[in-house]
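Hi,

Here is the structure I promised to pass on. Have a look at it first, then read my notes on the aromatic rings below.

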Amino acid sequence: MIAAPKQDRFESLDVLRGVAILGIFAVNILAFGFPWYALSNPALFAAFFDDGGAFWWTVSTSLFQFKFITLFSLMFGAGIVLFLGEEKPSPKAGLHRSRLFWLFVIGMLHNYLLWYGDILVAYSVAGFIVAGARRWRPTTLMIVGAVLITLNFGLFVLQDFMFQKMPADALAEFKAGMWAPPPDVLAEELEIYRSGFFERFPDTALNALFAQLMQGI
C-alpha cells in the first residue's frame, strides 16, 4: 500500500481555526433562529429570552461575542501570509485571487439567498487588501492599523454625539425602530422569517444589503 502524500499544513492553525468557527457559531445561533431585531434586543422574543435564554445570551455575549471572530480574522490573515510565502510577487498570487473570487461568489449567494449575516464577502475583499499589504513596511502597517482603529473608535463617538443631539421625538422613533418595534411590526417580521424561500427573499436581500454596508463601515 502506498502512503498518501503528506499535506503541507499547520495542524495548530487548523485547530485554532476550527475553535474560532465554533465560537462564531455559538454567537450566530440566535440570529439563525430569529429576525435581526434579536441581535440588538433579544428580550423582544419571549419564547427565547424568558425560557432560560437570558442566561445563555449572557454567556454568549460575555465569553464569545467578538472574541472568536477576532481569532478567526487572525487565522485568516496568517493563512494568507503562509500561502503566498515570502516571495514578492508570489508565484501563488493568481491562485490566491481565484480562491478569493470564489469566496466572494459563495458569500454573495449565501448572503442574499440563505442568511443575511454571512461575512464571507467581507473576508474576500479583506483578502485582496491583505495580499497587497504584505509588501508594506512594518512601520506603514502599524500606522495604517492605528489610523483604522482610531477611525472605528471615532465612528462610535460620533454616533453617541448624534444620539445626544438628536431631538427627543426622533431619538424615540429611532430606538423604537432598532430596539423596540411595535408588536405588529415584530409579528410581521417573524411571519416573514418563518415563510418560504420566495416569500422571504425580498426581506432577506434587504437585510443582507444592510449587513454588508455595516460590515464595510
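A quick term before we start: a residue is buried under 20% relative accessible area, exposed over 50% and partly exposed in between, using a 1.4 Å probe and protein chains only. This is a predicted model, so local features need pLDDT of at least 70 and side-chain atom pairs count only at pLDDT 80 or more, while totals for chains, interfaces and linings use all residues. Residues are numbered from 1 along each chain as its sequence is written, and side-chain values use heavy atoms, with hydrogens and water left out.

Now the rings. Those of Phe, Tyr and Trp (its six-membered ring) pair if their centres lie within 6.5 Å; planes under 30 degrees apart are stacked, over 60 edge-to-face, and the rest tilted. That rule gives ten aromatic pairs. One of them is Trp115 with Tyr116, a tilted pair with 5.6 Å between centres and 45° between planes. Trp115 is buried at 11% relative accessibility, and Tyr116 is buried too, at 7%.

Phe197 and Phe201 also make a tilted pair, because their planes are at 40°, with the centres 6.2 Å apart. Both sit in helix H10 (residues 197-216), four residues apart, or about one turn. Helices here are DSSP runs (H or I, at least four residues), numbered from the N terminus. Phe197 is partly exposed at 35%, and Phe201 is partly exposed at 33%.

Back to Trp115 and Tyr116: they form one aromatic cluster with Phe25 and Phe32.

Cheers

Methods:
Helices (H or I, at least four residues) and strands (E, at least two) are DSSP runs, numbered from the N terminus.
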